[in-house]
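Colleague: I am new to this structure and would like to learn how to read its features one at a time. Could you take me through them slowly?

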Amino acid sequence: MEEKQNVVNEFHDKARIVQEFVPGKQVTLAHVIASPVEQLSVKLGLVESRGAIGIFTITPSEAAMIAADVASKAADISIGFVDRFNGALVITGDVAAVEAALHDVMDTLCGKMGFTPTPITKT
């Protein structure tokens, strides 16, 4: 009996750490891929890739729908993919249109809706 008691005490002495992801209102990625290689567009399933790909990751994830709406009204882009469950948005168009759409989305989400911004990057 004494042996079992020691095992139980060992478990009680160990610290247990529980980590949780609690998303705030933030844009965590805003990136332009200028002139992607054709193979990338094919692998992503982007049939209308026209010179650039714009990528967003947004929390809460439902805001990806707002971003898709703003982007489509801001410039001549196509929505390649929007995921309201994970907050991903992929847009395509020429480089200037994709950049303009990203800037308008950032202005709406961060400037008007209080989201925490991230820098717009480009490769």
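Modeller: The turns below go from the whole chain to its strands, its helices and its surface.

Modeller: Please keep in mind that this is a predicted model, in which local features need pLDDT of at least 70 and side-chain atom pairs count only at pLDDT 80 or more, while totals for chains, interfaces and linings use all residues. Residues are numbered from 1 along each chain as its sequence is written, and side-chain values use heavy atoms, with hydrogens and water left out.

Colleague: How many helices and strands does the chain have?

Modeller: Helices (H or I, at least four residues) and strands (E, at least two) are DSSP runs, numbered from the N terminus. Here the chain has four helices and five strands, and from the N terminus on they follow the order α-β-α-β-α-β-β-α-β.

Colleague: What share of the residues in the chain is buried?

Modeller: A residue is called buried under 20% relative accessible area, exposed over 50%, and partly exposed in between, using a 1.4 Å probe and protein chains only. Of the 123 residues in this chain, 34% are buried.

Colleague: Which strands pair with strand 4?

Modeller: Two strands pair if DSSP finds at least two bridges between them. Strand 2 (residues 52-59) pairs with strand 4 in the antiparallel sense over six bridges, and in this pairing Ala-52 stands opposite Gly-93. Strand 3 (residues 78-83) also runs antiparallel to strand 4, to which five bridges join it, with Val-82 and Leu-89 as bridge partners. Strand 3 and strand 4 form a hairpin with four residues between them, and Gly-87 in the turn has a positive phi of about 80°.

Colleague: Is strand 4 mostly covered or mostly open?

Modeller: In a regular strand the side chains alternate between the two faces of the sheet. Strand 4 (residues 88-93) is mostly covered, as five of its six residues are buried.

Colleague: How far apart are the end C-alpha atoms of helix 3?

Modeller: The expected span of a helix is 1.5 Å times one less than its number of residues. Helix 3 (residues 63-74) has twelve residues and should therefore span 16 Å, which agrees with its end C-alpha atoms being 16 Å apart. Its buried residues are Ala-63, Ala-64, Ala-67, Ala-68, Val-70 and Ala-71, and what covers them, judged by contact (heavy atoms within 4.5 Å), includes strand 2, strand 3, strand 4 and helix 4 (95-112).

Colleague: How many salt bridges are found in the whole structure?

Modeller: A salt bridge is a side-chain nitrogen of Lys or Arg within 4 Å of a carboxyl oxygen of Asp or Glu, and a search of the whole structure finds two. One joins Lys-73 to Asp-69, with the closest N and O atoms 3.1 Å apart; both residues lie in helix 3, four residues apart, about one turn of the helix. Lys-73 is exposed, at 65% relative accessible area, whereas Asp-69 is partly exposed at 35%. In the other, the side chains of Lys-122 and Glu-99 meet at 2.9 Å, N to O. This pair links distant parts of the chain, since Lys-122 is in strand 5 (residues 120-122) and Glu-99 in helix 4, 23 residues apart. Glu-99 counts as partly exposed, with a relative accessibility of 26%.

Colleague: Why does Leu-44 count as partly exposed?

Modeller: Leu-44, which is found in helix 2 (residues 38-44), counts as partly exposed because its relative accessible area is 47%.
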